[in-house]
Amino acid sequence: MAEIVLQHVAKRFGDVEAVKDLSLTVVESEFLVILGPSGAGKTTMLRLVAGLERPDRGSVFIGGRDVTRAAPAARDVAFVFQQYSLYPHLSVYDNLAFPLRSPAHRVPEGEIRKRVTAIAEKLRIEKKLQNRATRLSGGEMQRVAIGRALLRQPQVYLMDEPLSSLDAKLRADLRVELKRLQMELGATVLYVTHDQVEAMTMATRIGVLNEGELLQLGSPRDVYEQPNSIYVAARLGSPQINLLPAELVPALAMPNGASTVGVRTEHLLISTPGDGHLPARVHRVEHLGDQTHVHLEFRGRNLVTLASPHRSFVHDEQVGLRLIEPLYFDVAGKRIETTAA
Amino acid sequence: MAEIRVERLNKAFQDFVAVQDSNFVVDDRSFFVMLGPSGCGKTTTLRMIAGLELPTDGRILLDGEDVTFKRAAERDIAFVFQLFALYPHMNVAHNIGFPLKCEGVARAEIRRRVEETARLLRIEALLDRKVSKLSGGDRQRVALGRAIIRRPKAFMMDEPLGALDAEFRRLMCEELRDLHDDIGATTVYVTHDQLEAMSMADQIAVMNHGVVEQIGAPQEIYDRPATMFVADFIGSPPMNLLPFEGLLRRGERSVDYFGARIDVPEIGEDRGIGGLTLGVRPESVALSDSAPIRGRVFAVEYLGTNQIVTIDIDRAKVKARLSSRMSARVGEHVGVAFQAPKLVVFNSTTGRATRSALYEDGDRG
């Protein structure tokens, strides 16, 4: 496995700057997830690493080698696309074995059988090995595509939203499996997605990308707990962080220049009215089973907080709110660091 | 507005039984969700209520009136498909007013009701815009406006948010539910997404293979699943289901899980030795050094608000929802404890929950 280095990479399509002066190192054996909405430049970035696009400026290194001008085939990367691409006339087994049979590899058939069977078990498609690729469900096809990439053992893996076409349950299972496989193989993975749960649960580090710019890079915990901007704070966490104009909460001891206060749902506690707590009104209660989301109205704003599923509320009930560990942002949306208590 | 009563409803397509002996009541002004995997019969049931499909057997009563064989147009029910179907060449006002125009309502009256509907959906400012120029959210609002402007007795909605991405769907769920609270129309909503069902419903009917497995309020279904199917379908991650062999005696308060005594709610029935399954919600699992069940941490998924820790206990993998402050490392040896009052014991053969204090409490409450 190898590291990936992007140095001042830029790519423009007509008027659109898809990637702006992007520098990033994917450390060897790291699972780096780029999180961003559609149009953020995620896929373009991945295609620049794979050699499917040429950068206008900057350089790409894989394993210490400058591959900026190298053809895709010369880069030794495996790419898993959002839409699975299998050979329809081949069986699942032959699809998986395909990269191992290429003239460049020449793996003996016995060894191929061992590796194909092992990966098929991991991805729970071992019973489908003799099926034609076209006789599979979407989820199964995508697992075959992932399996085929994993079997190749290239220098790096590039994955473009590989789980997005799967149903929720399978996606949850494969998140865990993919992360485990990556750890077992010590694989270097650069993975792009718009799904914050995928980013949070799988990544060694998350890079938050928007409009071609890398806004923050750090471990899931760092990015969630110490976001550097309102944008990043709102991008991670479900339900979203509550954001309030600073003037609505004058009682808080705020750092200079604070214009917005951010409070994660788990940091907004419901207590009795009065006692200096912020007065709010219960608007709606959502019972999600494991937890309850309480929608509140506070000075004309909607806030969401968590409550125990067995705490009962009355519609329009008046409650008091307590803020713990609020985050502060300046007028430009940048976070103001406060000394941690 | 209306109460909908479904009695012994059946639907067969040749040999295939799509809906089998369904019985339920949708209360007036309530939001009723039919939840289940594809092919479970939820859409067929909805279409029969709307009059788009005729039942093989059974009755449908709308406000006490038997409408089983009435035509769709005579039922005063609005059917909402995927919300995106708008007329692209018309502006917002014309899209919303279209159903009234079809009914020959006077132009001034249409104008009045379009404005009233737009106000409800907070899209007054968009009335003269082309729909092709709108954001995804505003299009959904326009489509909703078109559905509600007729003020029918009830709404039937078939996965209306299916095509949207997850975050946007959450937002639209909230708006739909708020809108429902404002206009109070009886709504039957079909989805395969349990989170959608949990967050919006007054009552959920969970369906599987044409059969209604359980009907209840979201929290009720979550806390006291009637069957293993329901336990597994609701919750993310779903309930841990741990099979074992054992017997049940009325009045006992524990079961033997492979030599470990697990405290459970007081058992309410006798059963000889046989296949049982212990059901444990992830938030009822705790890590404890003194617990009799041992395992190794298999995976850790950090979610910010909390984390999901998967523990391999040899015979099964158990998922625990833990505070994100708690440290858990892959490979670490841990003890696994369950919160007794919340546990369910299922009969593995029938798939049904066995009687226990947990369910009796539910009946009283």
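Entry 1: I began with helix H4 (residues 138-152) of chain A, which lies across S6 and strand S7 (156-160) of chain A. H4 runs at about 175° to S6(A). Contact here means that the C-beta atoms of two residues, placed from the backbone, lie within 7 Å. Axes are lines fitted to C-alpha atoms, for helices over the stretch in contact, with angles from 0 to 180 degrees between N-to-C directions. Helices (H or I, at least four residues) and strands (E, at least two) are DSSP runs numbered from the N terminus.

A note to myself on the source: this is a predicted model, where local features need pLDDT of at least 70 and side-chain atom pairs count only at pLDDT 80 or more, while totals for chains, interfaces and linings use all residues. Residues are numbered from 1 along each chain as its sequence is written, and chains are lettered from A and ligands numbered from 1 in the order in which they are written.

**Entry 2: the sheet.** Next I traced the strand order in chain A, S6-S7-S8-S3-S9-S10, an open sheet of six strands with mixed pairing. Strands pair if DSSP finds at least two bridges between them. S6 (77-80) and S10 (213-218) of chain A are the edge strands with a single partner each, so one side of each has no neighbour in the sheet. From one strand to the next, the twist averages 15°. I then looked up S3 (residues 31-35) and S9 (residues 205-210) of chain A, which run parallel and are joined by four bridges. A:Val33 has A:Ile206 as its bridge partner in S9(A).

**Entry 3: helix H3.** H3 (residues 109-122) of chain A has 14 residues and reaches 20 Å from first C-alpha to last, close to the 20 Å expected (1.5 Å times one less than the number of residues). Which residues of H3(A) are buried? I found A:Val116, A:Ile119 and A:Ala120 (buried: 20 or more other C-beta atoms within 10 Å of its own; exposed: 12 or fewer; partly exposed in between; C-beta atoms placed from the backbone). Seen down the axis, the buried residues of H3(A) fall within an arc of 100°, so they line one face; the arc is taken over directions from the helix axis to the C-beta atoms. They pack against helix H2 (92-97) and H4 of chain A. On the other side, A:Gly110, A:Glu111, A:Lys114 and A:Glu121 are exposed. After H3(A) comes A:Arg124, with a positive phi near 55°.

**Entry 4: chain A against chain B.** Last, I checked the contact, which takes 21 residues from chain A and 21 residues from chain B. H5(A) gives the most to chain A's side, five residues.
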